[in-house]
Amino acid sequence: SQELEQSPQSLIVQEGKNLTINCTSSKTLYGLYWYKQKYGEGLIFLMMLQKGGEEKSHEKITAKLDEKKQQSSLHITASQPSHAGIYLCGADKNTDKLIFGTGTRLQVFP
Amino acid sequence: NAGVTQTPKFQVLKTGQSMTLQCAQDMNHNSMYWYRQDPGMGLRLIYYSASEGTTDKGEVPNGYNVSRLNKREFSLRLESAAPSQTSVYFCASSEDGTGSFQLRHTFGSGTRLTVV
């Protein structure tokens, strides 16, 4: 959706490298959800951020929401082949549905 | 432990044929959704149902119909399939339509549809 911009569109990194994916909205977000999709499969929930400045971590993945609640970043430390897939952000703009970004395709090579 | 179940997983249709994609959830969620995923377009909402008995159009509803049969089931119908409907379709459910974490979606594994 053009209402939610994700960058980069694709990323190829060597195993062990760190990387960051960004999700930007022109309007204030009431909630920001990160999902991961393995190729050919459904989406798996990673984390949800709601408060400005909030940061959450799970294993080697950290997600942050900026103070203005318009941008979120997903950072992977020491990437592994298991991190490969498509990462999507979904935004709650105070309606009864989510708007999703276009996704970031991540490949991790040995 | 099933979550959201979608059928079929794969389907090939000829232009003009009709079909129904089935979706069922066992989490007692109120809201259910149908999305399509196309390369470079992310997930686009086709239809959603905030509660049993209600349905609303999403971003790309043309060419589709839905039925919220009961709280568990939400089906998507293509009356006359077109090549532009070639896509991967995902069903999802969430606890409710508002509030923190209540929009958290649980997704099915997808249906890969090809219209020739």
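Modeller: Happy to! The elements I will name are DSSP runs, helices (H or I) of at least four residues and strands (E) of at least two, numbered from the N terminus. What you see is a predicted model, where local features need pLDDT of at least 70 and side-chain atom pairs count only at pLDDT 80 or more, while totals for chains, interfaces and linings use all residues. Residues are numbered from 1 along each chain as its sequence is written, chains are lettered from A and ligands numbered from 1 in the order in which they are written, and side-chain values use heavy atoms, without hydrogens and water.

Let's begin with the sheet. In chain B, 4 strands make an open, antiparallel sheet in the order β1-β3-β8-β7, where pairing takes at least two DSSP bridges between two strands. At its edges stand β1 (4-7) and β7 (64-68) of chain B; each has a single partner strand, so one side of each has no neighbour in the sheet. On average, neighbouring strands here are turned by 15 degrees against each other, direction ignored (axes are lines fitted to C-alpha atoms).

Follow β1(B) onward and you reach the loop between β1 and β2 (10-13) of chain B, where Pro8(B) is found. The peptide bond from Thr7(B) to Pro8(B) is cis, with omega about -5 degrees. Chain A has a cis bond too, between Ser7(A) and Pro8(A), with omega about -10 degrees; Pro8(A) lies in the loop between β1 (4-7) and β2 (10-14) of chain A.

Now for the side that meets chain A. There, 22 residues of chain B are in contact (heavy atoms within 4.5 Å) with 21 residues of chain A. About 1,800 Å² is buried between the two chains, 60% of it from carbon and sulfur atoms; buried area is the accessible area (1.4 Å probe) lost on being put together, summed over both parts. The rule finds 3 residue pairs in polar contact across the interface, both residues at pLDDT 80 or more (a donor and an acceptor, N or O, within 3.5 Å; residues adjacent in sequence count only if both atoms are side-chain atoms). On chain B's side, β4 (31-38) and β5 (42-49) are the elements that give two or more residues, and β5(B) gives the most, with 4.

How values were computed
Axes fitted to C-alpha atoms, helices over the stretch in contact; angles between N-to-C directions.
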